[in-house]
Amino acid sequence: MLPALKLDRLDLRILAQLQRNGRMTNVDLADAVGLSASPCLSRVKRLEQAGYIDGYSARIRMEMLGDTLTVFTQVTLTDHHREDFTRFEKAVRDIDEIIECHLVSGGYDYLLKVVTRGVNQYQVLMEDLLERDVGIEKYFSFIVIKSPFIKTHYPIEKLFPAEPS
């Protein structure tokens with residue numbers, strides 16, 4: 001693993017811009033962050049090589065493809081040994097419909113975000129998971145009725161204000 005770079009305000013601006021539009025041209029990016037094109041491109045390459053930029057992707061408007069069901073699922077495991085967590089995580093990692101998995105504190109162990117074509121597909125998925133005996137004691141499902149907004153970017157410059165040079 002490469003040593004972490006010391007990021008300055010320009011690096012943070014670059015990351016903030018790219019997460020909002022990974023397809024913007026280098027010239028547009030340079031203009032947005034107040035650099036000329038060549039130094040901007042060098043910084044982007046450096047950020048990619050250091051692992052700060054994990055990849056580029058497209059945001060798909062799923063509603064144009066058809067109806068889907070989003071379910072947040074709270075999962076409580078029967079036992080709480082390291083191998084129990086590892087076994088559960090390994091079991092859910094390769095289930096395509098589970099698009100997020102978070103180990104959380106509080107009254108349950110995991111919060112999953114699941115996207116399926118409907119309630120029946122979700123139920124089959126959960127029944128199959130239970131049959132695999134991966135240590136689930138109980139689960140609760142919360143069906144999303146409406147998502148007024150979903151942000152696909154982090155407030156990088158607010159979370160990590162650059163230190164003065």
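Strand 1 (residues 69-77) and strand 3 (residues 110-116) are paired in the antiparallel sense, over 7 bridges. The model is predicted. The points below describe the sheet and an aromatic cluster.

- Val71 has Val114 in strand 3 as its bridge partner.
- The open sheet is formed by 4 strands in the order 2-3-1-4, with antiparallel pairing.
- Strand 2 (98-103) and strand 4 (136-143) are the edge strands, each pairing on one side only.
- On average, neighbouring strands of this sheet are turned by 20° against each other, direction ignored.
- Helix 6 (residues 119-131) packs on the sheet and touches strand 1, strand 2, strand 3 and strand 4. The direction of helix 6 makes about 165° with that of strand 4.

**Aromatic cluster**

- The count of aromatic pairs comes to 2.
- Phe85 and Tyr110 have ring centres 6.1 Å apart and ring planes at 55°, so this pair is tilted.
- Because Phe85 lies in helix 5 (residues 82-93) and Tyr110 in strand 3, the pair ties together parts that are 25 residues apart in sequence.
- The rings of Phe88 and Tyr110 have their centres 4.5 Å apart and their planes at 35°, so this pair is tilted.
- Phe88 lies in helix 5 and Tyr110 in strand 3, so the pair ties together parts 22 residues apart in sequence.
- Phe85, Phe88 and Tyr110 form one aromatic cluster.

**Burial**

- Tyr110 has 1% relative accessibility and therefore counts as buried, the cut-off being under 20%.
- Phe88 and Tyr110 are both buried.

Note on methods:
Residues numbered from 1 in each chain as written. Predicted model: local features only at pLDDT ≥ 70, side-chain atom pairs only at ≥ 80, totals over all residues. Heavy atoms only, no water. Pairing = 2+ DSSP bridges. Helix = DSSP H or I, 4+ residues; strand = E, 2+ residues; numbered from the N terminus. Axes fitted to C-alpha atoms, helices over the stretch in contact; angles between N-to-C directions. Contact = heavy atoms within 4.5 Å. Phe/Tyr/Trp six-rings, centres within 6.5 Å; stacked < 30°, edge-to-face > 60°. Buried < 20%, exposed > 50% of the residue type's maximum accessible area, 1.4 Å probe, protein only.
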